[in-house]
Amino acid sequence: MAQIQFGDEKENVVTRGEWPLKKAKAALKSETIAILGYGVQGPGQALNLRDNGFKVIVGQRKGTKTWDKAVEDGWVPGKTLFDIEEAAKRGTIIQYLLSDAGQIALWPTIKPHLTKGKCLYFSHGFAITFKEDTGVIPPKDIDVVLVAPKGSGTSLRRLFLQGKGLNSSYAIFQDATGRAKERVISLGIGVGSGYLFETDFRKEVLSDLTGERGVLMGAIAGIFEAQFKCLRKHGHSPSEAFNETVEELTQSLMPLVAENGMDWMYANCSTTAQRGALDWRHKFREAVAPVYEELYKSVESGNEARIVITTCSRPDYRERLEKELAALGNEEIWRAGKAVRALRPVASGKDAPAKKKASKKKASAKRAAPAKRKAAKRAAPRKKRGSRR
Ligand SMILES: NC(=O)c1ccc[n+]([C@@H]2O[C@H](COP(=O)([O-])OP(=O)(O)OC[C@H]3O[C@@H](n4cnc5c(N)ncnc54)[C@H](OP(=O)(O)O)[C@@H]3O)[C@@H](O)[C@H]2O)c1
């Protein structure tokens, strides 16, 4: 295991170099990996494992669109695709990839099949950490591990197909067989992780719930709205407000941060922008710090988990969620965004709006090409201004 200096601390990291696929396959050669659930993580992890040469079966409730999707992806009913209970019975490693609420509902069905020596695998510390609320308490004679890819299952699959990998955290909650470590690391490599960093179930769930409620999703949506509304209130047009709030961030600045860090993005902006940003970042940090404390406490106390369990277990949860998402999409900022996106240069490179109304999936595929070209163009100033690196 490599020790890598991240910021002020050294951490344990497992790379593909030290734990190659060959080693992972040898460690799991006698295992049948049952992926329960074929939502977002299920397909990403199952298909990557299958393509990597592991023995994989899928468990999914029958008569659903998700079952049909699994069939479309090449899983064969009765051979590699079963109902959830049958797959749990057949697997020696059970990857529990139902939604977090689904994991609670199905636990009484799954538990009897977690017989001595099997391995129960999660991609979130939720069910185990909040066991008083979820009731998920595994038998003592099985291994319980976690691999949590740091991103969507869709990205996990896409990056795998490009020969790249998403980084994942891993953890061991219970090592009954003495093989939990080789099992979890081999699974982490098998599902397509670029590298694996060590955590525990509790830290994984606390950081994950804080992150998605915070800067990854909740906070960013709130700050976008606040800025857009401020600009609109002071007479700016929707297109100007959207471009200054979202479009420039996603299309120009965040790719620079991803490439080489925040200071380098600043260094590639005007001195006027740099001066203002360097001054105002402190004010924003101080303004949101108390909100972060409130958020972390709500996560740590289990309050956020209880909200998820109560709301996501309702029979009409999907319909309610869709209503809320539709209301979000209908706000002026996101209606403006739709118009702005339609004006982005098309893949041909001509500065004309897209004529055909493409599906979201197709549109994102179309955007991939210009994004690459933009990234290549952006590499130019790096040499000039970023020469200190
Ligand atoms: N989304 C991500 O990219 C991501 C990233 C990292 C970690 N994770 C973690 O990975 C795990 C899986 O997440 P996910 O986002 O892939 O979940 P998801 O898309 O919400 O999973 C849906 C799956 O669960 C099944 N399911 C839900 N409720 C059920 C019930 N009551 N009975 C039977 N099946 C039920 C669904 O079947 P039907 O289609 O038949 O309803 C579907 O197969 C979670 O622990 C999550 O926190 C997710």
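**View 1. Around the ligand.** Of the 24 residues around the ligand, those that come nearest are Gly 39, Thr 66, Ser 99, Gly 102 and His 124 (a residue is near a molecule if its C-beta atom, placed from the backbone, lies within 6 Å of it). Helix 2 (41-51), helix 5 (100-110) and strand 8 (143-149) are the elements that give two or more residues to this shell; helices (H or I, at least four residues) and strands (E, at least two) are DSSP runs, numbered from the N terminus. Helix 5 has the largest share, four residues. This is a predicted model: local features need pLDDT of at least 70, side-chain atom pairs count only at pLDDT 80 or more, and totals for chains, interfaces and linings use all residues. Residues are numbered from 1 along each chain as its sequence is written.

**View 2. Strand 8, covered on both faces.** Seven of the seven residues of strand 8 are buried, so this strand is largely enclosed by the rest of the structure. A residue counts as buried if 20 or more other C-beta atoms lie within 10 Å of its own, with C-beta atoms placed from the backbone. On one side you can find Asp 143, Val 145, Val 147 and Pro 149, and on the other Val 144, Leu 146 and Ala 148.

**View 3. The neighbours of strand 8.** Strand 7 (residues 119-122) pairs with strand 8 in the parallel sense over four bridges; two strands pair if DSSP finds at least two bridges between them. Look for Phe 122, whose bridge partner in strand 8 is Leu 146. Strand 9 (residues 166-174) runs antiparallel to strand 8, joined by six bridges, and Tyr 170 in strand 9 is the bridge partner of Val 147.

Key
A residue is buried if 20 or more other C-beta atoms lie within 10 Å of its own, exposed if 12 or fewer, and partly exposed in between; C-beta atoms are placed from the backbone.
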